[in-house]
Structure formats: structure tokens, C-alpha cells
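The structure is shown below.

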Amino acid sequence: MAISYLSTQNKVISNGSSATIDLWRLAQQDPLMKRFFALMNTSFVEDERRADEDTLALMTTKPFFAVNAIMQNKLWAGFLTTWNFGRFTYIEHFAIEPVLRSNGVGTCILQKFLAMQKDRPIVLEVDHIGTSVDAKRRIAFYQRNGFLLWQNVDYVQPPYNKHTHEVPMHLMSRGMEPTPANVAMVTSQLHKQVYNVKK
């Protein structure tokens, strides 16, 4: 994985104080995994996340998959899960604790993560723009951070398992154009590696 730890000093947050924002890669047995699963299961509906046990299995069988804890002043603040596919990095899930939202933590971590990727393209999925006000807000957040919405690309997130359903989504990218070749390559990798789609 391209990232195991990062720190940014003197981030100004909403109360005027400064904070240290860190990103730590977690292991299966890390006590913070309990916080990770609690926030994951309240931030994403069942169709948009895998079962807890499946995430734990991935952490030992897929070395290019990482669960990263976002720490503010060494205290849990959220998480970022990523896949390093070589040709691009995929951000699968990104969430900040509700009490810490709108104070710049998410933007700070995302910008530092993007900087560490250097020239490697970044891809992520977002809820379809027509589904809710929240979907429009999330898309706008990523656009402010330099991501391009693949609005004319038809994309559906496959089910995570036999108990969940497919979900209409948009793909977004930074450093990659939605050419037919790129769309085919990204879709193939996500379906095969992330969603375990068997052809």
C-alpha cells in the first residue's frame, strides 16, 4: 500500500485551535477496528459496504487493501479505506465522525493523501447525483478537491454479497480522464478485486 502513516501539523480547525492530523494503517487486531466498524456501519447503508468479517479477511489476503484510521491529536476522528492497483488508487470508503464534520479534517486528510499519491490517478465512487441532496453535496466536496465527475458514464456498483443489491453510482477521478479504455480498465479492476465479480 502506498500509505502507512502521514502527519500534518498546525491545521487550523473551527474553534481556532491547531491540531495534528494523522493517518494510520490499521492491522486486524488493532483496538481501533471497533471504532472503524461502528462508524462504517452508521455512515454507509448495507448495500454500500461489505460485512465486517469480509473486511477482516481482506486485510490479510489483499495486501493492496488498507484500512486507515484518521487521528486528530492522536484521537480517533474517522477512516479512509483504499486499494492500490498500481495504475490507480481507489478510495472505497471515507468517513469522519459526525461531531468533527465541517471543521476541515476531511479536506486536510484528503489533500495530504492526494499529495502522497504524486502522479498516480485516484478513483472513487459516489452516490448517483439524482438520489439525494447529500449526493450532490458529496460530489461538490470532491470537485472542490480536484476530482472530475464521470457524469456520462453509466456505472452500477455490484452487490457486495448475496444479501445485498447493486447500487447506481457515479465514478469520479483525479488525474484520469474517462476515456473508453480507462472506463473499461477501472470497471474491470473494481468488479474483479473489490466486488469479486465472477465472469
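Arg137 has a relative accessibility of 48% and therefore counts as partly exposed, a class that lies between buried (under 20% relative accessible area) and exposed (over 50%), with a 1.4 Å probe and protein chains only. The model is a predicted one, in which local features need pLDDT of at least 70 and side-chain atom pairs count only at pLDDT 80 or more, while totals for chains, interfaces and linings use all residues. Residues are numbered from 1 along each chain as its sequence is written, and side-chain values use heavy atoms, with hydrogens and water left out.

**Salt bridges**

Arg137 pairs with Asp134 in a salt bridge, defined as a side-chain nitrogen of Lys or Arg within 4 Å of a carboxyl oxygen of Asp or Glu. Because Arg137 and Asp134 are three residues apart in helix α4, about one helical turn separates them. Asp134 is likewise partly exposed, with a relative accessible area of 37%.

| Asp127 | Arg138 | 3.1 Å |

Helices (H or I, at least four residues) and strands (E, at least two) are DSSP runs, numbered from the N terminus. Both partners, Glu92 and Arg50, are buried.

Asp127 and Arg138 also form a salt bridge; this pair links strand β6 to helix α4 across eleven residues. Asp127 counts as buried at 16% relative accessibility, whereas Arg138, at 31%, counts as partly exposed.

**Pockets**

The largest pocket holds about 940 Å³ of space. Here a pocket is an open set of points on a 1 Å grid over the protein atoms alone, where a 1.4 Å probe fits, with protein on both sides within 12 Å along at least five of seven lines; lining residues have an atom within 4 Å of a point. Its lining comprises 35 residues, and Phe94, Ala95, Arg137, Arg138 and Tyr142 lie nearest the centre. At least two lining residues come from each of α1, β5 (89-96), α3 (105-117), β6 (122-127) and α4 (133-144). Strand β5 gives the most, with seven residues. By class, the lining has 18 nonpolar, nine polar and eight charged residues.

The second largest pocket has a volume of about 160 Å³. Among the residues that line this pocket are Arg50, Leu58, Trp83 and Tyr160. Helices α2 and α5 (180-194) each supply at least two residues of its lining, which divides into five nonpolar, two polar and three charged residues.

**Helix α2**

Which residues of helix α2 (residues 52-61) are buried? They are Thr55, Leu58 and Met59. These residues lie on the same side of α2 because they cover an arc of only 105 degrees around the axis, the arc being that of the directions from the helix axis to the C-beta atoms. The buried residues of α2 pack against α1 (33-43), β3 (65-72) and β4 (75-84), where contact means heavy atoms within 4.5 Å. Glu53, Thr60 and Thr61 are exposed, on the face of α2 turned away from its buried side.

Terms used. Grid points are joined across faces, edges and corners, and a volume is the space filled by probe spheres set on the points. Ala, Val, Leu, Ile, Met, Phe, Trp, Tyr, Cys and Pro count as nonpolar, Asp, Glu, Lys and Arg as charged, and the others, Gly among them, as polar.
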